[in-house]
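Take a walk through this structure, one element at a time. Keep the coordinates open as you read.

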Amino acid sequence: MSEEGLDPVIHAPARLRIMVTLAALHDGDDLSFTKLQDLIGLTPGNLITHLRKLEDAGYVTTEKTARTSVALTHAGRAALERYTTVLRHLLDSASQPAAPDAGYPARPAAVNPDDVAPHPGA
Amino acid sequence: MNEHAGMTGMDDASGTDDATPMAAAEAAVIMQQAGERARRQFRVSHRVTFTIWGLGLLLGYGAMWLTVRGQRPFHGPPPAAFAVVALLGAGSVMSGVAEARADSGVGGLSAIRRRIHFLGVLAGLGAMFALEGALVHAGASRPVVGVFEASAPVLVAGLFYFITSAVWLDWPVFGLGVWLVVVAAVGGFAGPAGVWGVDALAAGLAYLLMAAIEPRLRRS
């Protein structure tokens, strides 16, 4: 299965985790850098690198006041939704009966509607 | 970024995973796990708050009722019994601290809303005591003041939950708000002594019920 069509800025494990984590916040909320680092489990340097890429793409903003906070932008939320849609199509096409032995792993069973994989238990 | 000496401090950029190919299924798993973890971390549980207020009302109001029941004529609870006020105040502070801790790291609009709500409760309780003073000053009888001082905190709490549920569209909290307002409105008919007992049971047990079922409600 090809991953073409998936936004390369998002399609990296760490950046995907960052985007999904920030997307779990309510609109208008932000997350401290240290809390984000704690949740993602990256070194500060790596987190900065990934945040820089996401920031350059306009997907996140960082604000430096008494604490440094990170937030998803509207463009970032829209990009994650597009990414989710493309990913869902890829997973759907991979699970077609025509290619049962493609060596492709089963889709994750427990899927929250807010997450990506459709058809729980498929 | 104060925590990391600026955005240029890349200590191990080789660890960034751009070059690592990621299958769609792997991405789906990452999204699922990261989403669940984030939601778990950001979820604010009201269980501690409900328990503290439930016990505060049940024990505090219950103690008040024990001190005033059978009074003829009604002369109100002894000043010492007003420890219940301190109890509710302490409960309010502890609740606020517990909730603030739950969403530590999260800033922005949610944090501002929570602080305003917290201040709203304190302002409501403060205004209630001022109004009680005004009633006494205006010559209200002790039984009238007794009904007011038992019912008003429950009314303040009920209205607080109304507002909270409107902001977060939290239907269980909305139900609690409705119930507390009804209890505050109706409990007074039990008289200046009986109102303490009615409110202790009706409001206190409602809080404890919410504390018991909240985890199940959040999961559903």
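Over how many bridges do β2(A) and β3(A) pair? They pair over 5 bridges, in the antiparallel sense. Two strands count as paired if DSSP finds at least two bridges between them. Helices (H or I, at least four residues) and strands (E, at least two) are DSSP runs, numbered from the N terminus.

A word on conventions. This is a predicted model, in which local features need pLDDT of at least 70 and side-chain atom pairs count only at pLDDT 80 or more, while totals for chains, interfaces and linings use all residues. Residues are numbered from 1 along each chain as its sequence is written, and chains are lettered from A and ligands numbered from 1 in the order in which they are written.

Stay with the strands. β2(A) and β3(A) form a hairpin with 3 residues between them. Within this pairing, V60(A) has L72(A) as its bridge partner. On to the next pair: β1(A) and β3(A) are antiparallel over 2 bridges. There, L31(A) stands opposite V70(A).

β1(A), residues 29-32, pairs with β1(B) in the antiparallel sense over 3 bridges. D29(A) has G108(B) as its bridge partner.

Chain A as a whole has 4 helices and 3 strands. Its elements run α-β-α-α-β-β-α from the N terminus. Of its 122 residues, 42% are buried.

α1(A), residues 13-23, and α3(A), residues 44-56, meet at an angle of about 70°, with their axes 10 Å apart. Axes are lines fitted to C-alpha atoms, for helices over the stretch in contact, and angles run from 0 to 180 degrees between N-to-C directions. That makes α1(A) roughly perpendicular to α3(A), a label for angles of 65 to 115 degrees. A14(A), R15(A) and I18(A) of α1(A) make the contact with N46(A), H50(A), K53(A) and L54(A) of α3(A). Contact here means C-beta atoms, placed from the backbone, within 7 Å.

Chain B has 7 helices and 1 strand, in the pattern α-α-α-β-α-α-α-α. Buried residues are 33% of its 220. Helix α2(B), residues 47-68, reaches 31 Å from its first C-alpha to its last, close to the 32 Å expected for its 22 residues. The expected span is 1.5 Å times one less than the number of residues. Its buried residues include F50(B), W53(B), L57(B), Y61(B) and W65(B). Just after α2(B), G70(B) takes a positive phi of about 80°.

Finish at the loop between α1 and α2 of chain B, where S45(B) sits. S45(B) has 14 C-beta neighbours inside 10 Å, so it counts as partly exposed. P215(B) is 170 residues away in sequence, yet the C-alpha atoms of S45(B) and P215(B) are 8.1 Å apart.

Key:
Parallel < 35°, antiparallel > 145°, perpendicular 65-115°, else oblique. Contact = placed C-beta atoms within 7 Å. Buried ≥ 20, exposed ≤ 12 C-beta atoms within 10 Å, placed from the backbone.
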